[in-house]
Amino acid sequence: MATRFTTTDWYSEPEWYDIIYEPDTPREVEFLERALEVYGPPRRRGRTRALEPACGSGRLVAALARRGYAVTGFDLEPEMVAYSNRRLRAAGLRARVVRSSLERFGDELRLGPPFQLAHCLVSSFKYIASDAAARAHLQAVADALAPGGLYVLGLHLTKYDETGVQRERWVGARGPVHVVCNVQSWPPDPRSRTERMRARLRVQDGARERRTETKWTWRTYSPRQMLALLATVPSLEIAAIHDFTYDIEQSWTIDELDFDTLFVLRRRP
Ligand SMILES: C[S@@+](CC[C@H](N)C(=O)[O-])C[C@H]1O[C@@H](n2cnc3c(N)ncnc32)[C@H](O)[C@@H]1O
């Protein structure tokens with residue numbers, strides 16, 4: 001008999017998301033700090049300001065706040081915003097986390113003084129459905145950055161000749177809660193520039209098991225499409241290209257682009 005999964009939005013269960021992604025937090029934060037040192041603006045007095053569009057459960061917001069950064073994060077999902085604020089309060093940390101969108105935050109939020117760092121990891125950028133909205137997003141981030149400030153943008157680039165179904169699996173646990181997450185993507189459609197995604201979660205909480213399924217569509221970017229998009233925002237330059245190993249010593253050239261990519265973008269003076 002087929003296993004039944006309840007259709008839901010997995011971002012409305014921030015704890016489950018957090019259990020899966022939290023183990024990556026230390027090396028990601030380490031990378032962000034090293035990137036600032038290597039590619040960022042000269043150090044200045046006062047706290048370094050960091051902005052995280054689509055900050056999810058706030059794992060990176062909290063980690064940077066703990067290291068002394070003045071952090072602003074925003075997310076579309078109210079449950080994620082509430083969870084982030086609860087975790088900050090519980091840890092005695094201060095940061096600003098509010099509801100807004102990747103597409104409209106430039107108009108919706110008063111962001112205050114310029115940021116030295118912005119970051120948006122694990123392909124969240126691909127939720128932006130059109131090139132026009134993606135361009136507006138990049139411009140809004142550029143406008144929020146200090147000269148020399150960085151936008152670290154991590155996303156999986158698309159190979160349109162990919163014909164098979166791709167699968168990834170994550171497993172995590174916190175106390176009695178065990179989460180298994182299977183993400184599946186179908187071959188990208190080069191005409192609509194979309195790929196269909198599905199996340200299936202099996203969550204064991206003591207004796208109780210829940211099975212949920214979330215489907216969504218991502219915008220796709222080949223290396224060339226991503227470079228073309230970036231070229232439309234001249235106030236951002238590519239300072240470096242890394243990958244999802246978050247190894248600051250390992251960088252790539254533009255000609256080598258075809259993988260899980262971390263663009264280190266820099267606001268031109
Ligand atoms: C893969 S999670 C990444 C969260 C966080 N950046 C991290 O690294 O853990 C993607 C997040 O994007 C948010 N999201 C999706 N579409 C969005 C949009 N249009 N504007 C703002 N947030 C969005 C979701 O609610 C979710 O929290």
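I248 is partly exposed, because 18 other C-beta atoms lie within 10 Å of its own; here a residue is called buried if 20 or more other C-beta atoms lie within 10 Å, exposed if 12 or fewer, and partly exposed in between, with C-beta atoms placed from the backbone. The structure is a predicted model, in which local features need pLDDT of at least 70 and side-chain atom pairs count only at pLDDT 80 or more, whereas totals for chains, interfaces and linings use all residues. Residues are numbered from 1 along each chain as its sequence is written.

I248 is placed in the loop between β11 and β12, where helices (H or I, at least four residues) and strands (E, at least two) are DSSP runs numbered from the N terminus. Although I248 and R34 are 214 residues apart in sequence, their C-alpha atoms are 6.9 Å apart in space. When residues up to four places away in sequence are not counted, I248 touches F31, R34, A35 and V38, a contact being two residues whose C-beta atoms, placed from the backbone, lie within 7 Å. The loop between β11 (236-243) and β12 also holds Y246, which counts as buried because it has 21 C-beta neighbours inside 10 Å. The phi of Y246 is near 55°, a positive value in a residue other than glycine. Most residues other than glycine have a negative phi.

A positive phi, near 45°, is also found in V122, again a residue other than glycine. V122 lies in the loop between β5 and α6 (131-144) and is partly exposed, because 16 other C-beta atoms lie within 10 Å.

Two of the residues touched by I248, F31 and A35, are among the buried residues of helix α2, which are E28, V29, F31, L32, A35 and L36. These residues cover an arc of only 155° around the axis, and therefore lie on the same side of α2; the arc is that of the directions from the helix axis to the C-beta atoms. On the other side of α2, P26 and E37 are exposed. The 15 residues of α2 (residues 25-39) should span 21 Å at 1.5 Å a residue, and the end C-alpha atoms are 21 Å apart, which agrees; the expected span is 1.5 Å times one less than the number of residues. The buried residues of α2 pack against α3 (59-66), β5 (115-120), β6 (145-156) and β12 (260-267).

After α3 comes G68, which has a positive phi near 95°.

Helix α4 (residues 78-91), with 14 residues, reaches 20 Å from its first C-alpha to its last, close to the 20 Å expected at 1.5 Å a residue. The buried residues of α4 are M80, V81, Y83, S84, R87 and L88; because they cover an arc of only 165° around the axis, they are placed on the same side of α4. P78, R89 and A90 are exposed on the other side of α4. Packing of the buried residues of α4 is against α1 (14-21), α3, β3 (70-75) and β4, and α4 is followed by G92, whose phi is positive, near 70°.

The loop between β4 (96-99) and α5 (105-108) contains S101, which counts as partly exposed because it has 18 C-beta neighbours inside 10 Å. S101 and V29 are 72 residues apart in sequence, and their C-alpha atoms are 23 Å apart in space.

The ligand is surrounded by 18 residues, of which the closest are A54, G56, L76, E77 and Y127; a residue is near a molecule if its C-beta atom, placed from the backbone, lies within 6 Å of it. The shell around the ligand divides into eleven nonpolar, three polar and four charged residues, where Ala, Val, Leu, Ile, Met, Phe, Trp, Tyr, Cys and Pro count as nonpolar, Asp, Glu, Lys and Arg as charged, and the others, Gly among them, as polar.

The contact between them takes ten residues from domain 1 and 17 residues from domain 2, and the side of domain 1 that touches domain 2 has six nonpolar, three polar and one charged residues.
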